[in-house]
Structure formats: structure tokens, C-alpha cells
Amino acid sequence: MTRHAETRQLPYDARQMYDLVADVAKYPEFLPWCAAARIRSTREEGEKQVMDADLVISFKVFRERFGSRVTLWPADLRIDTEYLDGPFKYLKSTWVFTPTDTGCTVSFDVDFEFRNAILQKVIGVVFNEAMHRIVRAFETRAAQLYGTA
């Protein structure tokens with residue numbers, strides 16, 4: 001089991017940050033190790049939108065595709081992701097965007113385990129730094145799109 005939780009105070013609007021993270025198709029443009037993204041399907045289910053998507057992650061000699069179900073909760077400014085298929089035993093993540101007087105609080109939590117023990121060990125060595133880099137990549141992308149505060 002590999003888990004990471006991080007909370008950041010950012011000078012951007014919570015809706016802007018939500019929209020940025022919800023735009024899965026654009027991940028290869030700025031997200032470390034994301035070589036490709038494909039949206040399989042999207043559908044409305046009441047107050048939520050459900051998207052099935054594939055990401056191709058490339059890290060050193062490993063290149064893996066995995067499918068996930070991304071559930072967008074626009075009214076709650078929350079995004080939940082769960083694993084569908086690929087190299088994981090399981091994967092779950094949650095993003096929560098809370099408005100503040102000076103921008104928003106972004107909370108990110110991810111928990112996963114690879115099926116391949118070797119890959120799990122390789123990732124385990126750099127996991128926390130990798131998760132920090134991913135969160136920073138979203139922050140950097142927000143600065144590019146919305147300007148620096």
C-alpha cells in the first residue's frame with residue numbers, strides 16, 4: 001500500500017483549480033510521467049459527471065496504461081478517481097477544492113498498490129517526491145493559465 005496526502009493553499013479560485021484537475025485530456029501537456037491520455041466515455045449521473053479515462057504513465061523503463069473512473073462533483077468541488085484496469089491492484093484518489101478569502105485550499109489524497117512487486121518497490125523509493133511533483137505540476141499549470149498571484 002502506498003499512500004500520500006497533501007494540502008496546499010493556493011491563490012487561485014477553487015472553481016479554476018477544480019476545472020484544471022477535471023480536464024484529464026490535457027494531463028500530457030504538463031503532468032510529469034504522463035505520456036498520453038484518452039477519454040473513453042463521459043456521462044451525467046444526477047449531480048455528478050462520470051468519466052472513464054486511460055492514462056499512459058512512462059517512468060524510466062516502465063510504460064504502463066491504466067484505466068480509471070473519474071467522478072466529478074461540481075457542486076462540491078470534489079473529484080474522486082478509482083481504478084478500472086491496468087498495472088494496479090487498486091488505486092483511489094480524491095481532490096477537494098475549498099474556497100478561501102485569498103484563493104483556495106487544495107487537498108489531494110491518493111492510495112494505490114501495483115500488481116508488479118518490482119514496480120511497487122521502484123515507485124516506493126521515489127513515491128513521496130513524485131506525488132509532490134505532481135501537485136506542483138498542477139500549481140505551475142494554474143500559474144500559466146490564470147496568472148501568478
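1. One aromatic cluster takes in Tyr18, Tyr27, Phe30, Trp95, Phe97, Phe108 and Phe138. Keep in mind that this is a predicted model. The charged end of Arg15 sits over the ring of Tyr18, 5.2 Å from the ring centre.

2. The largest nonpolar core has 41 residues. Met17, Tyr27, Leu31, Ile79, Trp95, Phe97 and Phe138 touch the most other members. At least two core residues come from each of α1 (14–22), β3 (48–59), β4 (62–73), β5 (78–85), β6 (88–100), β7 (103–114) and α2 (117–146). The biggest share is that of α2, with nine residues.

3. Tyr27 deserves a look in the viewer. Setting aside residues up to four places away in sequence, Tyr27 touches Leu20, Val21, Cys34, Leu55 and Phe138. Tyr27 and Phe138 are both in the aromatic cluster.

4. How many aromatic pairs does the structure hold? There are 11. One of them joins Tyr12 and Tyr146: the centres are 6.2 Å apart, the planes stand at 55°, and the pair is tilted. This pair links distant parts of the chain, 134 residues apart. Tyr12 is in the loop between β1 (2–10) and α1, while Tyr146 is in helix α2. Tyr12 counts as buried because its relative accessibility, 6%, is under 20%. Tyr146, at 29%, counts as partly exposed.

5. Phe66 and Phe88 form another pair. Why is this pair edge-to-face? The planes of the Phe66 and Phe88 rings are at 85°, which is over 60, so the pair is edge-to-face. The ring centres lie 5.1 Å apart. Phe66 is in strand β4 and Phe88 in strand β6, 22 residues apart, so this pair too links distant parts of the chain. Both residues are buried.

6. Thr105 lies in strand β7. Is Thr105 buried or exposed? Thr105 is buried, because its relative accessible area of 14% is under 20%. The side chains of Thr105 and Gln9 are joined by a polar contact of 2.9 Å. Neighbours within four places aside, Thr105 is in contact with Thr7, Arg8, Gln9, Val96, Phe97, Thr98 and Thr100.

7. Lys89 belongs to strand β6. With a relative accessibility of 47%, Lys89 is partly exposed. Not counting residues up to four places away in sequence, Lys89 touches Tyr83, Glu113, Phe114 and Arg115. Between the C-alpha atoms of Lys89 and Thr71 there are 20 Å, with the two residues 18 apart along the chain.

Technical notes. Residues numbered from 1 in each chain as written. Predicted model: local features only at pLDDT ≥ 70, side-chain atom pairs only at ≥ 80, totals over all residues. Heavy atoms only, no water. Core = buried A, V, L, I, M, F, W, Y, C linked by side-chain atoms within 4.5 Å. Buried < 20%, exposed > 50% of the residue type's maximum accessible area, 1.4 Å probe, protein only. Helix = DSSP H or I, 4+ residues; strand = E, 2+ residues; numbered from the N terminus. Contact = heavy atoms within 4.5 Å. Polar contact = N/O pair within 3.5 Å; in protein donor to acceptor, adjacent residues only side chain to side chain. Phe/Tyr/Trp six-rings, centres within 6.5 Å; stacked < 30°, edge-to-face > 60°. Lys NZ or Arg CZ within 6 Å of the ring centre and 35° of its normal.
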